[in-house]
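Visitor: I am new to this structure. Could you show me around, please?
Guide: Gladly, here is the sequence with the model.

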Amino acid sequence: MTRLVRCLLFLLAMLAALPVQAQDVTRIDQAEAVRSDWSAQTPPPEGWVPVELRDLWEKRWPDHDGVVWYRVRWQQADASQPIGLLLDYTCLAAAVSLNGQPIDRDASLVEPLSRKWHVPRYYTVPPALLREGQNELLVRVSGLAAYQPAFGTVSVGDPVVLRGQYERERFARRDMQIFDAAVGLVLAAMIGIFWLLRPQDTLYGWYALSAVFGRLYDWNFIAGSPWPFRTTDGWQAFIAAVFVASAATHTIFLLRFSERQWPRFERALLALAGVALMLALLLPQWMGPLRNLYVSPTILFLYVVSVVFVVFALRSGRRDFQVLAACISVPLLVSLHDLGVYMGWYGGVSYLGSFTSPVMLLGMGFVLAYRFAQTMKRVEGFNAELQREVQAATTTLADTLNQQHALALAHSRAGERLQLVRDLHDGFGGTLVGAITRLQQAPDDTPKAEVVDLLRDMRDDLRLVIDTTAQEQADLATLIAPLRHRASRLLEAADIDAHWQVDGLEGLQLGPGRSLDLLRLLQEALTNVFKHSRAARVDVQLQRAGDRLQLRVRDDGVGLAGARAPAEARVGAGLASMRHRAQRLGAELRIAGDIEGKGTTLELDLPLAV
């Protein structure tokens, strides 16, 4: 199906370029010509020479830049009906008169010359301008020797037939060029956007760039003036340099498409294209007239590159390579015709390369779709493989997590046991050892009450260990509650009124070890109040102040001096224990009596972060 479409397009292009001959149309290919300078408003009376149309005056007057007048005569039998008049080719600008009456004139017949070479000229001539017998057509052609100045054949006859021929010629030589430029720009924009979305696929970027340069070159077949350049030399130099840049970027695209990268070769191509563009802008008066010196080798280079790619694609066996090779082969074959027109090898004036744009559009569309499908297949395969690997990794991770969880549980239990052992050893064990030592050293008649006090101290210390161990993750407010309850009951039994102020302890966790040391210190302080102070009131303040915890225990008892009489050794041991615990906590402990000698105040300043 693709081959059939290509063949049909090619045949249509050839048919569109062929002039239609009919019995009531006369094609004139003989004329007279004379040259003159730019300022001539009328042809010179002498110097006319017979010429055959289409006439390329560079063969007769190789260095002539200026004006050539063409005089065409024919016999008109019937001048009562309008006729059609078709001028096949005028390069570059022209003014036309019939029987001495102007009928057409381009906007600029001197530099910067108008550019109407790419379309034929058609006129419906009314009877008022015709003569029975001989009629004379005078055409003033302005051109430059370096750019194939010429005048084509003239056809006269049936207006309907010639109008149809004119429409076909204009379609082939101008409208299709516009269509080609539009299609090329759309394709360049589409592939350029694709490249912007996937910058790693550089071949699409190179194709878009080559398509942009190609469309700039196509503007040569559309533009009606050399704007924005001031001269025809500037325009032609720029167009030729753009062609070189298009060839360079197209070659790099083919290399990248073939999955080849030749950095030095690519840099050389880009350097040549850059030099051509720079010289075209800086030295248009040289680069324009001498364009064939670098355009002809570029054309030959493009043929070589295209043939090499086609051979490579056929040998590769890859579908996308072969499709692109087919899409390149069609323009390659058609370009042989266009090359003959450009070089003047035969009398044609129509370029057919624009008819191949739909083929390139279909080809690049297929290549993009094919590569996208291949990419999706690879992505799907990768996803499937990734899913399998993820599933295997998930299974392995689950097994590892289960093992780690079991180890963590065992470690946690061992840690809890070790913490309990440490607490029992450091706290309750020390209390127990101290109690045993005191009982061993006590006389046989030790009062029962003293033994009970020792046992009660051991019980309270054991409760602290149990509370902090059972509620390892509890905050300080929760841990204080049971101690507060027991201490308040103990103090009330001794007619000591206890007042507690606890602020900011919710959510505060010191850790099991530090919490236990703090509770023991507070318990020891309250025990001293109970045993030695003979106070009627005790105030306990425990509050958080920023990043510090402050403890204050104040009683209204006999003070430190009065507490030493009956149990001096016991009080001293209690103070030493509290100082030891404060040191482990990293806190500052202060114990002082009132100025009047009554009451004792214990203050502890504990940093929360150690």
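**A guided look at the chain**

Guide: The protein chain has 14 helices and 18 strands, where helices (H or I, at least four residues) and strands (E, at least two) are DSSP runs numbered from the N terminus. This is a predicted model, in which local features need pLDDT of at least 70, side-chain atom pairs count only at pLDDT 80 or more, and totals for chains, interfaces and linings use all residues. Residues are numbered from 1 along each chain as its sequence is written, and side-chain values use heavy atoms, with hydrogens and water left out.

Visitor: What share of the 610 residues counts as buried?
Guide: Buried means under 20% relative accessible area, exposed means over 50%, and partly exposed lies in between (1.4 Å probe, protein chains only). Of the 610 residues in the protein chain, the share that counts as buried is 45%.

Visitor: How are helix α4 and helix α5 oriented, roughly parallel or roughly antiparallel?
Guide: The axes of α4 (residues 202-218) and α5 (residues 232-257) come within 8 Å and cross at roughly 160°. Axes are lines fitted to C-alpha atoms, for helices over the stretch in contact, and angles run from 0 to 180 degrees between N-to-C directions. Angles under 35 degrees count as roughly parallel, over 145 as roughly antiparallel, 65 to 115 as roughly perpendicular and the rest as oblique. The crossing angle therefore makes α4, relative to α5, roughly antiparallel.

Visitor: How many charged residues are in the contact of α4 with α5?
Guide: Contact means heavy atoms within 4.5 Å, and the residues making this one include W206 and F213 of α4 and F243 and R256 of α5. Ala, Val, Leu, Ile, Met, Phe, Trp, Tyr, Cys and Pro count as nonpolar, Asp, Glu, Lys and Arg as charged, and the others, Gly among them, as polar. The contact divides into 14 nonpolar and 6 polar residues, and the number of charged ones is 1.

Visitor: How do helix α12 and helix α13 lie, roughly parallel or roughly antiparallel?
Guide: Helix α12 (residues 476-493) packs against helix α13 (residues 512-533) at an angle of about 15°, and their axes are 11 Å apart. The two helices are therefore roughly parallel.

Visitor: How many charged residues are in the contact of α12 with α13?
Guide: Among the residues making this contact are L483 and L490 of α12 and L522 and F530 of α13. By class there are 13 nonpolar and 2 polar residues, and of charged residues there are none.

Visitor: Which residue is the bridge partner of L87 in β13?
Guide: Strand β13 (residues 154-157) points V154 and V156 one way and S155 and G157 the other, and all are buried. Two strands pair if DSSP finds at least two bridges between them. Strand β1 (residues 25-28) runs antiparallel to β13 over 4 bridges, and strand β6 (residues 83-87) also pairs with β13 in the antiparallel sense over 4 bridges. In β13, L87 has as its bridge partner V154.

Visitor: Does G593 count as buried, exposed or partly exposed, and which is the class?
Guide: G593 is in strand β17 (residues 588-593). Leaving out residues up to four places away in sequence, G593 touches G599 and T600. Its relative accessibility is 42%, so G593 counts as partly exposed.
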